[in-house]
Amino acid sequence: MTDTRLIHRVGADAMEWLWAHRDGFRLDPDAGPEVGFLERFKPIGELALICGVLFREGVAGSRQAELARRLLDHAWRETLDGGRMLVRGQRTEPISPIPFEVYLPFRELGHRQPEMERAVLLHHGLESRQAFEAPPTRRLALSAFQRRFGLTPRPPEAEALRATWLARTPEPWTVEGHIAYDITHCVFHLTDWGENPGGLPPDLARYLGTWLPVWIDDWLDLRRWDLLGELLVVDACLPRPTLDEPAWEAFAAAQQPDGAMPAVRTMPEGDEEAVFDVVYHSTLVAAFASALATSHALTALARAS
């Protein structure tokens, strides 16, 4: 089995880089309509989700946990202005689900914005929101987020799942990059980001148990570190994770001394903001994969002792 210390170090180093580059989680209030004001909200929502996983799993060291809390508070207070920027985003694009998706993980971690709460309830009932066109995996995500907020999912998650690629368990050799990302996010939403492995239907768990190792090998060969990290998360969401040793060793070796994780092959070049935009996601994924895999590895060690 992969060295638990190696897995844990990947997450600890990733958090150091994320904290050092916290100003990269920025908004662009003056963005033109061709770009969209909401474009830069996505990294902030992903940050909150991953910090939530770290707190939930309870495997972060004191330094890592402190940085996660400071990052979360910085994003809420400084970047989102206590949630007021989310309210502004919802007013700018009334039927966009993005402000809601970003707000939910902050809400789950204790941050509330009354006006945003009212906006969520109002817009959830709009027919236009339900008619919002979205790919199947995104539709599943919205239903899962509605459930977690305490709303009635529209459509129900089981119905949303049926339209996804993974639910049909197609020919595994047809998987390419976009499909692979859909697979990973389908698993994230079904298991509530690794909290509930039982949320993954048994037939899908068996399908993934058979073919996930093959896909991990494929993207390891391609040095697609961002996608490999997400596939390592999927492994940690399965009933019997493998914690693939060669994949984890290569993943850890790709991480930079400062904690950044390249998205593909090697680190990009450019100014600090441009580099952040390329590697922030792969570095967040490294922290996510580390938290879940460390938790499983420690559980396995405890059972073996």
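These are my notebook entries on one predicted protein model, looked up feature by feature.

**Ground rules.** I worked with a predicted model, so I took local features only at pLDDT of at least 70 and side-chain atom pairs only at pLDDT 80 or more, while totals for chains, interfaces and linings use all residues. Residues are numbered from 1 along each chain as its sequence is written, and side-chain values use heavy atoms, with hydrogens and water left out.

**Overall fold.** I began with the secondary structure and found 14 helices and zero strands, where helices (H or I, at least four residues) and strands (E, at least two) are DSSP runs numbered from the N terminus. The radius of gyration is 19 Å, close to the 19 Å that the globule rule gives for 305 residues, so the protein is as compact as a globular protein of that length; the radius is taken over C-alpha atoms, and the rule is 2.2 Å times the number of residues to the power 0.38. Along the principal axes, the C-alpha trace spans about 50 × 40 × 40 Å.

Among contacts (heavy atoms within 4.5 Å) between residues at least 6 apart in sequence, 71% join residues at least 24 apart. The accessible surface comes to about 13,700 Å², and 52% of that belongs to carbon and sulfur atoms; such areas come from the Shrake-Rupley method with a 1.4 Å probe, and for residues only the protein chains shown count as cover.

**Cysteines.** I searched the whole structure for disulfides, meaning pairs of cysteine sulfur atoms within 2.5 Å, and the search gave zero. Cys 51 is in no disulfide, the nearest cysteine sulfur being that of Cys 237 at 17 Å. For Cys 186 the closest cysteine sulfur is also in Cys 237, at 11 Å, which is too far for a bond. Cys 51 is buried with a relative accessible area of 1%, and Cys 186 is buried with a value of 1%.

**Salt bridges.** Side chains of opposite charge can pair when their charged atoms come close. I noted 17 salt bridges in the structure, each being a side-chain nitrogen of Lys or Arg within 4 Å of a carboxyl oxygen of Asp or Glu.

One of them joins Asp 277 and Arg 40 at 3.0 Å, N to O, and it links distant parts of the chain, since Asp 277 is in helix α14 and Arg 40 is in the loop between α1 (4-20) and α2 (41-57), 237 residues apart. Asp 277 is partly exposed at 32%, whereas Arg 40 is buried at 18%. Both residues belong to a network of salt bridges that also takes in Arg 26 and Glu 273.

I also looked up Arg 148 and Glu 108, whose closest N and O atoms are 2.6 Å apart in a salt bridge; this pair connects helix α8 with helix α5 across 40 residues. Glu 108 is partly exposed, at 41% relative accessibility.

**Backbone exceptions.** Most residues other than glycine have a negative phi, and most peptide bonds are trans. Asp 81 has a positive phi of about 55 degrees although it is not a glycine, and its place is the loop between α3 (62-79) and α4. Asp 81 is partly exposed at 34% and forms a salt bridge with Arg 84 (3.2 Å, N to O). Thr 169, likewise not a glycine, has a positive phi of about 40 degrees; this residue lies in the loop between α9 and α10 (177-190) and is partly exposed at 32%. A cis peptide bond, with omega about 0 degrees, joins Arg 154 and Pro 155, and I placed Pro 155 in the loop between α8 (136-149) and α9 (157-162).

Pro 268 sits in the loop between α13 (245-254) and α14 (272-304) and is partly exposed at 28% relative accessibility. Leaving aside residues up to four places away in sequence, Pro 268 touches Val 275, Val 278 and Val 279. The C-alpha atoms of Pro 268 and Val 278, 10 residues apart along the chain, are separated by 7.5 Å.

Note on methods: Buried means under 20% relative accessible area, exposed over 50%, partly exposed in between (1.4 Å probe, protein chains only).
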